[in-house]
Amino acid sequence: MTKTLDQKLARIHADSSCKDFILADAKDADMAGGLAATGTDPGKKQYRTLAEYRQIMRDVLEQGLVDILLMSVSSSEILTLREKRFERSTVTPAIRANDTTDIHLAQGGRYPKQPSKPFRTALLDHAQCGKWECSPAERVAGANLGLYSITFNNDVHLDLPALEAYKAFRLEAEKKGFRHFLEIFDPNACDNRPPDLGRFINDQVARTLAGVASAGRPIFLKVPYHGPAAMEQLAAYDPHLVPGILGGSSGTTFDAFHMLWEAKKHGARAALYGRKINNSEHQLTFIKYLRMLADGQIEPTEACKAYHGDLQKLKIAPHRSLEDDLKRTDTVSSYAGAKVISHGKTPMRAPMKEPLPDFSKMTPKEKIAWNQKKWKRILG
């Protein structure tokens with residue numbers, strides 16, 4: 001079946017003024033958050049099981065409003081290879097192709113607060129055919145699109161190994177006919193943080209890809225949204241880069257809706273939302289309004305009100321009152337837990353410092369409470 005992603009990319013490259021917008025649901029959080037990655041079931045008030053998490057993926061796929069469903073290789077193996085659900089869908093399957101150390105969120109772990117180092121669990125052959133060393137005919141069976149992530153820390157000793165790892169990935173991907181889109185995270189642990197993060201990220205994108213021929217380039221970008229000026233700058237530089245935004249932590253419903261609407265207005269052509277979707281009251285309804293915003297059918301305030309109206313019809317209690325859900329809040333753009341203060345024209349990033357308690361002096365109940373608070377902050 002023809003995929004909407006390929007249709008939209010073709011139209012964007014043919015006419016950069018077209019209104020097509022790529023929407024992706026990121027259900028790859030098990031590559032980062034472990035047991036807590038599945039999110040909390042609003043009805044049960046406890047973390048979903050992995051089976052429940054994957055059932056939501058099936059529901060999103062059946063709805064058919066997103067262009068990409070991003071999964072871990074293990075989830076993709078079930079939905080793509082065993083169940084063959086994407087064969088009868090316009091949605092494109094994708095996998096998280098690498099998992100740098102800044103997204104390793106094990107309970108009690110300190111990795112997110114340490115400088116990111118390159119690492120890759122996923123094997124492209126596993127994504128494509130479910131085993132090591134696929135034949136050419138087998139490579140088309142599974143997922144042939146992946147998210148590759150780099151975290152630049154403005155330190156040559158940290159960033160050079162990340163670039164070398166990305167080069168090795170590109171060579172393997174090109175050889176095996178595997179496409180990718182490139183995610184750039186803000187610095188997660190450096191003392192020489194650039195004063196203008198938006199420009200820093202844009203410059204890193206332009207410089208990193210300047211030496212890459214079209215066969216090895218990402219099909220689109222996923223970057224933190226640093227406001228209108230930074231997005232306009234990146235979009236104007238080269239429309240064929242196809243700039244997109246990452247969602248970050250949940251915030252209010254208005255935050256999620258307004259970010260997509262504003263980013264598109266200033267040149268973004270894609271949005272990949274994970275936590276914002278996964279932590280919503282009703283994911284399919286939330287996605288419905290993201291799609292309407294992406295297609296220019298509604299504006300953020302109206303969408304937020306309509307979403308609350310739908311929740312009422314579904315007899316689902318909202319996380320916040322409509323009044324509170326229409327407010328702007330500070331949201332987290334990275335897995336490392338650093339805030340992007342989104343008010344004003346130039347967003348600023350402020351680290352969230354939280355000292356670790358002495359676990360040896362805590363009761364089991366206190367440890368559970370502390371970890372629940374931590375995951376709520378990180379995952380939104």
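Buried residues, meaning those under 20% relative accessible area with a 1.4 Å probe and only protein chains counted, make up 54% of the 380 residues in the protein chain. The model is a predicted one, in which local features need pLDDT of at least 70 and side-chain atom pairs count only at pLDDT 80 or more, while totals for chains, interfaces and linings use all residues. Residues are numbered from 1 along each chain as its sequence is written, and side-chain values use heavy atoms, with hydrogens and water left out.

The protein chain contains 13 helices and 13 strands; these are DSSP runs numbered from the N terminus, with helices (H or I) of at least four residues and strands (E) of at least two. Of the contacts (heavy atoms within 4.5 Å) with a separation of 6 or more, 66% are between residues 24 or more positions apart.

Eight of the strands form an open sheet in the order β8-β7-β6-β5-β4-β1-β10-β9, with parallel pairing. Its edge strands are β8 (221-222) and β9 (244-246), each of which pairs on one side only. Two strands are said to pair if DSSP finds at least two bridges between them. In general, such pairing in a sheet is made through backbone hydrogen bonds, either parallel or antiparallel.

On one side, β1 is joined by four bridges to the parallel strand β4 (residues 68-71), where Leu-70 stands opposite Ala-26. Strand β10 (residues 270-273) also pairs with β1 in the parallel sense, over four bridges, and Ala-271 in β10 is the bridge partner of Leu-23.

How are the side chains of β1 arranged? In a regular strand, side chains alternate between the two faces of the sheet. Here Ile-22, Ala-24 and Ala-26 point one way, whereas Leu-23, Asp-25 and Lys-27 point the other way, and all are buried.

Further along the sheet, β5 (residues 92-96) and β6 (residues 145-151) pair in the parallel sense over two bridges, with Gly-146 of β6 as the bridge partner of Ile-95. Helix α2 (residues 50-63) packs on the sheet and touches β1 and β4, its direction making about 165 degrees with that of β1. Such angles run from 0 to 180 degrees between N-to-C directions, and the axes are lines fitted to C-alpha atoms, for helices over the stretch in contact. Helix α10 (residues 283-294) also packs on the sheet, touching β1 and β10, at about 155 degrees to the direction of β1.

Conventions
Buried < 20%, exposed > 50% of the residue type's maximum accessible area, 1.4 Å probe, protein only.
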